[in-house]
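Hi,

Here is the structure I said I would pass on. Have a look first, and my notes on what turned up follow below.

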Amino acid sequence: MKKYVSYCVEETKNILNVDSPVGYTRNAADFVMEEYKKLGYCPVKTKKGGILVDLGGKDRENAVLLEAHLDTLGAMVAQVKENGRLRLSPLGGMNPNNGEAENCRIITRAGNIYEGTLQMNNASIHVNEELNKIKRSFEQMEVVIDEKTSSRKETEDLGIMTGDIVAFEPRTRVTGSGYIKSRFLDDKLSVGIFLGFAKFLKEEGRIPARHIYQHISVYEEVGHGACGTVPEGTTEILAVDMGCVGEGLRCTEHQVSICAKDSGGPYTYDVVSDLIRAAKKGGADFAVDIYPRYGSDADAALTAGYDVRHGLIGPGVYASHGYERSHLDGVENTLKLLRAYLL
């Protein structure tokens, strides 16, 4: 599986380089569509802008739908301020504490892109002695645009307006020891894993007993990513998203997580049990955890009324919704679990 792990990581790096805050995912979706075509598949763009791929398999009446998502956190211009700087409204769960002093790109409706930095209002510590005491919030922060502008009119003359998208720099890095560090590994790392699994099936000539579809949604971060696009014959949805790493949890960045319960309730008992058995059989290093502040695309599909079984797995990711970290081992163990569970 090593060559497929390397492929997953390279594809993840490429995808991370294409901005895709929720609501602005077209370019990233087009990129991923082309990668599937290179592998010999026929991806379909959904009306919502997601990607549906038929990976093949024998039993179409007992199909499994794999779910990952391409949309990320970000922001939208809420106001062009009198000083020419920008007040933001978050897209998804973008945390202002994690955005402070981060470089970003402002994408205008005309397609122009300007660079900037999210800073506290009056951000110089030598000027503002109260700076460290102020609670970080988007009301107390502004984007300082890297253009010569000091008024609302000058900024608006650049073509920047309320409703423009703001994408944050991912700062992707893969260390010599195998750690993958970046914003937005949630869930672009799993999109890379989807491509790696699709490549594995094609190159190894494997035909699964159950028909397999992959759906890459683009509205997961706002809760309705998988509320549609469930192919006929699907009896199970398996979300492949990040596995949480933190205090009170067993999962590490080196493992694949199997989630037994999240904020939406328990996942299907038999699916979770079968995933555990498959992980043991396939030699995947795994952990089973409960995520009380987490929701997945599989949850969204059930909420939408689909009569299917559901489960959730994913590579362990630390510092979720911040500057995240995973490891090559987590990618490999996720691939091992998918292979053992589906083949």
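A word on handedness before the helices: a crossing is called left-handed if the near helix is turned anticlockwise from the far one by less than a right angle, and right-handed if clockwise. Keep in mind that this is a predicted model, so to speak of local features I needed pLDDT of at least 70, side-chain atom pairs count only at pLDDT 80 or more, and totals for chains, interfaces and linings use all residues. Numbering runs from 1 along each chain as its sequence is written, and side-chain values use heavy atoms, with hydrogens and water left out.

Helix packing

Helices (H or I, at least four residues) and strands (E, at least two) are DSSP runs, numbered from the N terminus. Axes are lines fitted to C-alpha atoms, for helices over the stretch in contact, and angles run from 0 to 180 degrees between N-to-C directions. Angles under 35 degrees count as roughly parallel, over 145 as roughly antiparallel, 65 to 115 as roughly perpendicular and the rest as oblique.

Helix 2 (residues 26-38) packs on helix 5 (residues 185-204) at about 15°, and their axes are 10 Å apart. That angle is why helix 2 counts as roughly parallel to helix 5. The crossing of the two is right-handed. On the helix 2 side the contact (heavy atoms within 4.5 Å) uses Val32, Glu35 and Tyr36, and on the helix 5 side Val191, Phe194, Leu195 and Ala198. By class that contact has six nonpolar residues, no polar ones and one charged. For the classes, Ala, Val, Leu, Ile, Met, Phe, Trp, Tyr, Cys and Pro count as nonpolar, Asp, Glu, Lys and Arg as charged, and the others, Gly among them, as polar.

Helix 5 also packs against helix 1 (residues 2-16), at about 135° with the axes 8 Å apart. The two are therefore oblique to each other, and this crossing is right-handed. Among the residues that meet here are Tyr4, Tyr7 and Ile15 in helix 1 and Leu189, Val191 and Phe200 in helix 5. The contact has eleven nonpolar, three polar and six charged residues.

Then there are helix 6 (residues 269-282) and helix 8 (residues 328-342), whose axes come within 8 Å and cross at roughly 110°. They are therefore roughly perpendicular to each other, with a right-handed crossing.

Pockets

A pocket here is an open set of points on a 1 Å grid over the protein atoms alone, where a 1.4 Å probe fits, with protein on both sides within 12 Å along at least five of seven lines; lining residues have an atom within 4 Å of a point. Grid points are joined across faces, edges and corners, and a volume is the space filled by probe spheres set on the points.

The largest pocket holds about 640 Å³ of space. It is lined by 32 residues, of which Cys244, Arg293, Tyr294, Gly295 and His321 are the closest to its centre. Helix 7 gives the largest share of the lining, three residues. The lining has 14 nonpolar, ten polar and eight charged residues.

The second largest pocket has about 190 Å³. Its lining includes Tyr24, Arg26, Arg109 and Asp164, and by class it has three nonpolar, five polar and three charged residues.

Most residues other than glycine have a negative phi, and most peptide bonds are trans. Against that, the peptide bond from Asp186 to Asp187 is cis, with omega near 10°, and Asp187 sits in helix 5. Thr229 has a positive phi, near 65°, and lies in the loop between strand 12 (210-217) and strand 13 (234-240).

Cheers
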